[in-house]
Amino acid sequence: MAASGCRGVRSILWKYGSCGKNFCLSRSKTVPQLPVRQICVSSSLWKKNLAAAGPQKFTQEFIDKQVEEFEIGKRHLANMMGEDPETFTQEDIDRSIAYLFPSGLFEKRARPVMKHPDEIFPKQTAVQWDAEGRPFHFLFYTGRQSYYSLLHDVYEKILAMERHQDKMRNKGLFASETKQILLTGSRWQLKEEIEEYLVENISDHGYMRLIQLLEKLLSMPYCSLEEDFILKFRKQLEVQSSKHEIPALQHDPQGVAFSVADGRRKTAKASITLRDSGSGNITINGRNYLHCFPLLQDREQLMFPLHFVGMLGRFDVEGSVEGSGHSAQAGALRLAISRALLSFVSEGEVERMRQAGLLTADPRIRERKKPGQEGARKKFTWKKR
Amino acid sequence: MCSGNMAAGVLSGVRQVLRGPRLLSAVFSCHGQTFSSAAAAVKSAPDTAVTEKILNFPLTQPDYFHLSELFTMKDLFEARVHLGHKKGCRHRLMEPYLFGSRLDTDIIDLEQTAELLQQALNFTAHVAYRGGIILFVSRRRQFGHLIETTSRECGEYAHTRYWKGGLLTNAPIQYSPGVRLPDLIIFFSTLNNVFQQHVGIRDAAKMNIPTVGIVDSNCNPSLIAYPVPGNDDTPVAMEMYCRLFKMTINRAKDKRRQMELLKGISASV
């Protein structure tokens, strides 16, 4: 590094030296030659300090230009695909890009993507002050203006509510059993979500303080006045069982109701048709299930979903299965039967089935063999010496 | 000033037209430049005179903003500004400002307080008049909300939260490069939550930022430019200080707007 530094110094001196010579030639003796001071300059000063630069900052003009290019590109893409540029949505864009640039990469984030620049470039804070240098926000000099202004607003609301309470008490209209805000089925937003909302970093202590203030607001009698404000900080939890895709109930020409569903386990793939005919026959791959699964355990797996909902003798099961071994095929068939049953069963039963584990696909697959070992886990014989 | 710009615009047009004969255009531009600079000089002289009048004239008056009518010593007494802490908490450097002590409680001399408060308010008014940034600082949790509301109402800034290390001394890194620091810092309480001197006083002194501070009998008034001995624990006293500073700043800003309007009228005339 010292050698490169010296080389650099020498090159600088040579440049300045040559310039000095030219100067001498053009203006003789009018300008006194300044003494050239040897400045030790190491190459680390020229190299950009990448670590200290921080995350890359994009100017507003750059992002505006990107937005313009995106809009134009969207119209080109629509024309290419032969669709109407006016009604070209983001889903259409995704579909077109997946068609034009098919990618076999497993990592979804590595595949080609065309999205609005606001979703790609991280949100940055704009310049915080006006032409004279006066900041816009009154809490700018605290360093964390959004977070502290939020605390200020929440405290303001608490004070306003206390004043309201006092006014009602003075009038004699104070009622302690006022309307309460429904909080079941929701949770406080996480620290990361609030950081995203405020576009600022918060410490854990700061997050706890904010939640404490909001809880204090909730504990007051007239908290229903600020319901909208508080619900902004709560996130609704999705009910797990509502995510299940219930297969559509179809009807035979004879009027018999049936439903079709698939199931997978290890490498086995199964497809089931449940017919509401009234007999308890089970046919797999065209053969009786007794022939396919001589083992009792496999037949129990097939029977379990129907036994659980208590509809053993009601349905006619017709299925096809391929791949893997007998146990995995039985598991795949069980999952397919449970999914097909969803269309015949009530909401409460669906939740019961989910809790029994009938609707969860078993994610276990065969573990790979590692080098230096006999198998996935088995090691070679250990010799002490 | 605007006529000078217009002249420059006309000039550039002239230069573009006469692109052929270079010498001619050079001559034209030289003459034109001297003409425009002379015109600008003539026009800018009244502007600078008016600006000087607006900025410098208030400094020649002792009480340009009539701040003595904002408070009397009786108001200070009724707001319990004279009540200090107990004898054991007394700071040595506050002894000149104390009137005495009664039943171990220190009593602050309100005559000195009134005078120093008048000076502090006058200084604040002049800073606000010249468009300076004023920062209200206090670390008392009891009055944090009040001070933030006061600062919002007069259009200035507040910092009543945990003071991070390099806010003043390491400003380009703490905020962004090119940030403008406050021109005046007003401390409503010079101590922090563990009864030590607020870091902001030392940092402001380092950065040559003048400070106004309400010093109680247990505070150190040495590094503060305009100390105002007074009570910083009672809500009545704090509300009074907030009200006084808000009124001074609003008055100064209104006066400035008035003078700007008058300047606009006189310039157009």
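This is a predicted model: local features need pLDDT of at least 70, side-chain atom pairs count only at pLDDT 80 or more; totals for chains, interfaces and linings use all residues.

1. Let's begin with the interface. Here 20 residues of chain A are in contact with 27 residues of chain B. Between them the two chains bury about 2100 Å², with 55% of that area on carbon and sulfur atoms. On the chain A side, the residues that lose the most area to chain B are A:Arg134, A:Phe138 and A:Tyr141, together accounting for 40% of what that side buries.

2. Which residue of chain B pairs with A:Arg134 in a salt bridge? The partner is B:Glu156, and the closest N and O atoms are 3.0 Å apart. The count between chain A and chain B is one salt bridge, while 10 residue pairs are in polar contact.

3. Now to the second largest pocket, which holds about 690 Å³ of space. Its lining has 26 residues, and those nearest the centre are A:Leu151, A:Arg209, B:Arg139, B:Arg141 and B:Arg161.

4. Where does the lining of this pocket come from? Helix 7 (145-171) and helix 9 (204-219) of chain A, along with helix 5 (144-154) of chain B, each supply at least two residues. The largest share, eight residues, comes from helix 7 of chain A. By class, the lining has eight nonpolar, nine polar and nine charged residues.

Notes
Residues are numbered from 1 along each chain as its sequence is written. Chains are lettered from A and ligands numbered from 1 in the order in which they are written. Side-chain values use heavy atoms; hydrogens and water are left out. On a 1 Å grid over the protein atoms alone, a cavity is a set of points where a 1.4 Å probe fits but cannot get out, and a pocket is an open set with protein on both sides within 12 Å along at least five of seven lines; lining residues have an atom within 4 Å of a point. Grid points are joined across faces, edges and corners, and a volume is the space filled by probe spheres set on the points. Helices (H or I, at least four residues) and strands (E, at least two) are DSSP runs, numbered from the N terminus. Ala, Val, Leu, Ile, Met, Phe, Trp, Tyr, Cys and Pro count as nonpolar, Asp, Glu, Lys and Arg as charged, and the others, Gly among them, as polar. Contact means heavy atoms within 4.5 Å. Buried area is the accessible area (1.4 Å probe) that two parts lose on being put together, summed over both. A salt bridge is a side-chain nitrogen of Lys or Arg within 4 Å of a carboxyl oxygen of Asp or Glu. A polar contact is a pair of N or O atoms within 3.5 Å; within protein, one must be able to donate a hydrogen and the other to accept it, and residues adjacent in sequence count only if both atoms are side-chain atoms.
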